[in-house]
Amino acid sequence: MKESYHLVKATLKLGLALSALTLWWPGTPSMAQVAGDDVTHPPPVEGDGSTATRCESACASLSYIPGRGLHIGETGLVLGGYSSIDLVRDEGAPARLTLANVSLFVMFQLSERFSFFSEIEYENLFSIDTNGDAGSPDERFAAERLYVDFSFNDRLEVRAGKFLTPVGRWNVIHAQPLVWTTSRPLVTEVPFDKNTTGVMLSGNLFDGRLGYDLFGQFTDELQAAPHGTRADRSGGARLTLDVAPGLSLGGTYVGFRSRNEWFHLVGIDALWQRGPLEWMTEMTFDEGAGASGSQWGAYTQLAARILPRVYAVGRYEYFAARGANRGLNQVVLGAAFRLRPYAIFKVEYQILDHSSPLTSAGFRSSFALLF
Amino acid sequence: MRTLSFALLLLLLGCDPALAEPSLVVITHPSRSAQLSAGELARIYLKKKRFWKDGKPIVPINREAGSTIRDIFERDIFDRVSPDLVGYWNRRYFHGVFPPATLESDEAVKRYVASDPNAVGYIASDDVDDSVHVVYTPD
């Protein structure tokens with residue numbers, strides 16, 4: 001327990017230090033400038049347009065690239081992560097400011113084919129509202145992801161450990177710096193377990209146009225989340241097809257056992273990106289084999305760049321939860337400001353057609369950055 | 001009069017692509033002679049295709065963001081430019097995948113590609129010599 005406490009503190013300090021470093025980072029020579037033209041070994045990874053710098057330590061040269069992590073020499077070890085601060089004011093409730101997330105990535109490219117990835121997440125570290133209530137009642141420290149990958153070739157990669165369940169698109173990119181809204185569509189988190197502890201086979205076929213994932217959980221989940229759907233055992237498959245430049249379609253099936261009942265979920269999704277526009281949609285339907293009944297939902301979201309760093313975002317979602325008297329209609333309207341390639345500030349307002357225990361109407365804002 | 005002259009100069013530059021933009025070619029080590037398509041290059045530079053057919057890892061080399069030749073390459077291969085790809089690379093970083101490495105001159109790219117049988121890069125067509133093999137030329 002004491003060791004966990006120290007690990008939490010160390011993770012938090014490292015995450016906050018890298019966040020602060022990312023925010024403060026001045027313009028410095030790029031990695032390529034540091035490397036120069038004397039190319040006799042593989043050149044260093046570089047952030048896409050981000051600035052970088054190097055310093056020499058006793059063990060190895062360290063290079064930090066905002067939004068692309070701290071690279072430890074040529075060891076293949078990279079430390080990175082993300083953090084976010086949320087400001088939420090639900091209708092009829094006080095405004096609440098929350099240090100919502102500090103996640104630390106540890107990435108280790110052991111060889112050309114073998115890699116390790118972990119995400120240690122510390123959620124809801126601290127919050128304070130306009131009534132003066134402060135604290136961290138929902139704080140949680142967990143291994144969000146912990147897995148090894150082995151790539152045989154482009155057609156087959158094997159992943160073992162705890163990973164994000166590949167249902168739709170949002171769940172596998174759910175981090176605040178990567179999505180356009182602070183709120184999350186219900187259909188991307190309520191119907192299924194967001195993590196799987198098991199094995200996944202992935203790959204690309206037909207010249208890369210068809211991607212597949214086959215995954216299963218055959219043991220209890222590692223550090224399962226306290227809320228939401230929990231799967232004891234599961235098996236599923238996902239296909240994605242690039243049908244045209246910028247347009248990708250996907251389909252997922254997952255069978256999972258939760259509280260001794262098997263459920264079957266099917267989903268379809270699409271992503272279209274063209275110039276300043278991005279459109280994303282997902283739909284899922286799931287049904288229990290027992291008496292639980294079914295539920296389904298869908299959302300469609302459009303983000304459009306209206307100024308060089310400013311995006312307008314709109315989303316509509318319908319979600320008919322299992323056992324609910326009627327479906328919930330939600331509309332989210334907002335804007336996202338990409339302050340830097342690795343930092344984003346978002347504001348939005350969520351409107352519901354009736355109250356629901358699943359989500360609330362109101363104002364949401366967040367600042368998030370990759371480090 | 002000066003404004004008119006400047007406008008005429010711009011017009012002339014705009015009318016002659018050779019003056020406005022260098023032509024580029026994609027190069028590999030001479031040991032790799034197979035041609036690559038624009039679609040394959042897009043997947044290589046997005047790190048969706050990571051291995052050559054012989055199973056060796058592909059090492060794509062970019063020019064620095066904002067350089068003219070990179071803009072030309074990205075427009076030709078992706079039909080979009082670096083700022084549009086920021087979101088894509090942020091999402092890949094979340095899964096431990098990094099953008100291709102960059103070098104800041106054609107000479108550096110050529111020397112690196114000539115030294116690494118698994119590398120692929122792009123340079124101005126005028127800079128090609130026998131040390132590398134051209135695998136793609138835009139239309």
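1. A:Ala335 stands opposite A:Val347 of β19(A). The strands concerned, β18 (residues 328-340) of chain A and β19(A), pair in the antiparallel sense over 10 bridges; pairing here requires that DSSP find at least two bridges between two strands. A hairpin of two residues joins β18(A) to β19(A).

2. This is a predicted model, in which local features need pLDDT of at least 70 and side-chain atom pairs count only at pLDDT 80 or more, while totals for chains, interfaces and linings use all residues. Residues are numbered from 1 along each chain as its sequence is written, and chains are lettered from A and ligands numbered from 1 in the order in which they are written.

3. A:Val347 also has a bridge partner in β20(A), namely A:Ser365. β19(A) and β20(A) pair in the antiparallel sense over eight bridges.

4. Chain A has two helices and 20 strands; helices (H or I, at least four residues) and strands (E, at least two) are DSSP runs, numbered from the N terminus. Of its 371 residues, 39% count as buried, that is, with 20 or more other C-beta atoms within 10 Å of their own, C-beta atoms being placed from the backbone (exposed: 12 or fewer; partly exposed: in between). Among contacts in chain A with a separation of 6 or more, 51% are between residues 24 or more positions apart; a contact means C-beta atoms, placed from the backbone, within 7 Å.

5. The largest nonpolar core has 29 residues. Such a core is a set of buried Ala, Val, Leu, Ile, Met, Phe, Trp, Tyr and Cys residues joined through C-beta atoms within 7 Å. Two or more residues each come from β4 (77-90), β5 (96-109), β6 (114-129), β17 (310-320), β19 (343-352) and β20 (362-370) of chain A, and from α5 (82-93) of chain B. The residues with the most contacts inside this core are A:Tyr82, A:Trp180, A:Leu369 and A:Leu370. A second, separate core of 25 residues includes B:Ile44, B:Ile61, B:Ile69 and B:Val135.

6. Chain B contains six helices and five strands, in the sequence pattern α-α-β-α-β-α-α-β-α-β-β. Of its 139 residues, 37% are buried. For contacts in chain B between residues at least 6 apart in sequence, 68% join residues at least 24 apart.

7. The five strands of chain B form an open sheet of mixed pairing, in the order β3-β2-β4-β1-β5. β3 (101-103) and β5 (133-136) each have a single partner strand and stand at the edges, so one side of each lacks a neighbour in the sheet. The twist averages 40° from one strand to the next. β1 (residues 24-28) of chain B runs antiparallel to β5(B), joined by three bridges, and B:Val26 has B:Tyr136 of β5(B) as its bridge partner.

8. Helix α6 (residues 106-115) of chain B lies across β1, β2 (59-63), β3 and β4 (119-124) of that chain, at about 150° to β4(B). Axes are lines fitted to C-alpha atoms, for helices over the stretch in contact, and angles run from 0 to 180 degrees between N-to-C directions.

9. In helix α4 (residues 68-77) of chain B, the buried residues are B:Ile69, B:Phe73, B:Glu74 and B:Ile77. They lie on the same side of α4(B), because their arc around the axis is only 130°, taken from the directions from the helix axis to the C-beta atoms. Just after α4(B), B:Asp79 has a positive phi of about 65°.

Conventions: Contact = placed C-beta atoms within 7 Å.
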